[in-house]
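Work through the exercises below with the model open. Each task is followed by a solution in steps.

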Amino acid sequence: MLETILLVDDEIANRNAIKRVLRHTGLNFLEAGNGKDALEIVDEIPVDLVLLDIGMPVMDGYKFLERFKSRDCNQEIPVCVMTAWSDNETRKRVIDLGADDFVGKPADRVELETRVKALLRIRGYQKRLLDFNNKLENLVEERTRDLRIAYVHLEESREETMLAYHDTIMRLSLAAEHKDRVTAAHIQRMSHYSELLALKCGWGEEDASLLLEAAKMHDIGKIGIPDAILNKPGKLTSGEFETMKMHCEIGASILSGSDSRLLQMAESVAKSHHERFDGTGYPYGMSGMIIPEVGRIVAIADVFDALMTSRPYKEAWPLEKVCSVMQEDSGKHFDPDLLELFFDDVQVLLKIHNRYSDEETVSMNIEVA
Ligand SMILES: [Fe+2]
């Protein structure tokens with residue numbers, strides 16, 4: 001692309017002389033007889049260099065320089081002042097107004113060509129730099145856009161994965177409890193009570209959320225217990241009860257051997273949620289603080305929900321009765337410190353109780369399961 005040079009001089013003879021000197025350089029010439037016309041030209045046509053006379057009618061070189069350089073878009077366009085006034089005051093003034101170079105008048109051919117070529121070379125570098133910056137900005141913008149789209153897709157797929165993750169745990173837990181006709185609402189309530197108690201114990205939110213999911217799988221081992229025992233309407237024989245007790249170890253074995261913290265926690269819950277604080281529970285008869293904390297937490301949450309809801313053989317108990325019955329078991333069935341924490345704000349417990357309501361009758365033998 002041809003470089004364009006604007007000659008601003010009121011003397012046509014001077015402009016022609018410059019064109020003769022620079023003709024062989026292949027430049028594109030624009031001409032103006034004063035500063036005002038020159039400003040109108042640069043408004044319409046981009047130029048690469050201005051050769052400027054100072055003494056001109058209508059608008060002189062000083063005024064042109066002031067107006068021209070006041071626009072941001074012209075800051076990088078070089079202006080070479082051609083003047084017979086070579087005194088220091090003139091030089092200082094035009095430099096202050098933004099001029100880049102001087103050529104004496106009348107111009108020496110070699111000097112003029114050398115100055116013009118040097119200024120155009122600098123202008124060329126600037127244009128390439130500008131072009132490179134524009135390309136870089138476009139590239140960054142394009143990559144940012146791609147990244148944003150990728151992030152949205154990633155976020156969508158993460159949400160979908162999390163949804164499937166929670167749904168799978170819930171369905172897996174329900175599949176095991178289906179035979180026992182335990183409702184999804186019971187699983188939701190007891191797992192939320194467990195999370196709440198974990199938070200009260202000082203657990204971090206991440207670990208408490210993990211327990212929320214792990215607690216749902218506490219009875220997953222029931223999948224290995226015969227229906228005849230699970231659904232037996234009357235009291236279990238001692239042999240049947242021994243079989244029923246196995247759901248803890250069956251569950252633990254289903255969940256064992258995983259690197260997942262969730263499944264490791266769920267294994268511990270499955271194994272220990274029927275242990276009792278005084279050592280009379282099952283399957284291992286562990287006592288006190290030897291029982292994993294998750295087991296002590298889930299034991300309270302599971303029994304509380306069973307007592308608070310109706311069963312075929314009993315109505316739902318009022319909160320006061322549930323509290324007093326469970327308090328009687330403090331230090332026997334339940335960890336006394338955890339039980340105290342659990343009941344320190346019953347309004348929160350009621351909120352969870354009311355949020356997940358049973359639509360159907362449940363049958364769960366709380367004595368054995
Ligand atoms: Fe159980």
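**Exercise 1.** In what order do the strands of the open sheet lie, and is the pairing parallel or antiparallel?

Solution. This is a predicted model, in which local features need pLDDT of at least 70 and side-chain atom pairs count only at pLDDT 80 or more, while totals for chains, interfaces and linings use all residues. Residues are numbered from 1 along each chain as its sequence is written.

Step 1. The order is S2-S1-S3-S4-S5, 5 strands in parallel pairing. Strands (E, at least two residues) and helices (H or I, at least four) are DSSP runs numbered from the N terminus, and two strands pair if DSSP finds at least two bridges between them.

Step 2. Strand S2 (28-32) and strand S5 (101-104) are the edges; each has a single partner strand, so one side of each lacks a neighbour in the sheet.

Step 3. On average, neighbouring strands are turned by 20 degrees against each other, direction ignored.

**Exercise 2.** How many bridges join strand S3 to strand S4? Then find the helices on the sheet.

Solution. Step 1. S3 (residues 49-53) and S4 (residues 79-83) run parallel and are joined by 4 bridges. Val50 stands opposite Val79 in S4.

Step 2. Helix H2 (residues 35-44) lies across S2 and strand S1 (4-8), at about 160 degrees to S1. Angles run from 0 to 180 degrees between N-to-C directions, and axes are lines fitted to C-alpha atoms, for helices over the stretch in contact.

Step 3. Helix H3 (residues 61-69) touches S1, S3 and S4, and its direction makes about 150 degrees with that of S3. Contact requires C-beta atoms, placed from the backbone, within 7 Å.

**Exercise 3.** At what angle do helix H10 and helix H11 pack?

Solution. Step 1. H10 (residues 247-255) and H11 (residues 261-272) pack at about 170 degrees, with axes 7 Å apart. That angle makes H10 roughly antiparallel to H11 (under 35 degrees is roughly parallel, over 145 roughly antiparallel, 65 to 115 roughly perpendicular, the rest oblique).

Step 2. H10 contributes Cys248, Glu249, Gly251, Ala252 and Leu255, and H11 contributes Leu263, Ala266, Glu267, Ala270 and Lys271.

Step 3. By class, the contact has 6 nonpolar, 1 polar and 3 charged residues (Ala, Val, Leu, Ile, Met, Phe, Trp, Tyr, Cys and Pro are nonpolar; Asp, Glu, Lys and Arg charged; the others, Gly among them, polar).

**Exercise 4.** Which residues of H12 meet H13?

Solution. Step 1. The axes of H12 (residues 293-308) and H13 (residues 319-328) come within 10 Å and cross at roughly 140 degrees, which makes H12 oblique to H13.

Step 2. Val303, Phe304, Leu307 and Met308 in H12 meet Val322, Val325 and Met326 in H13. These divide into 7 nonpolar, no polar and no charged residues.

Definitions and conventions: Contact = placed C-beta atoms within 7 Å.
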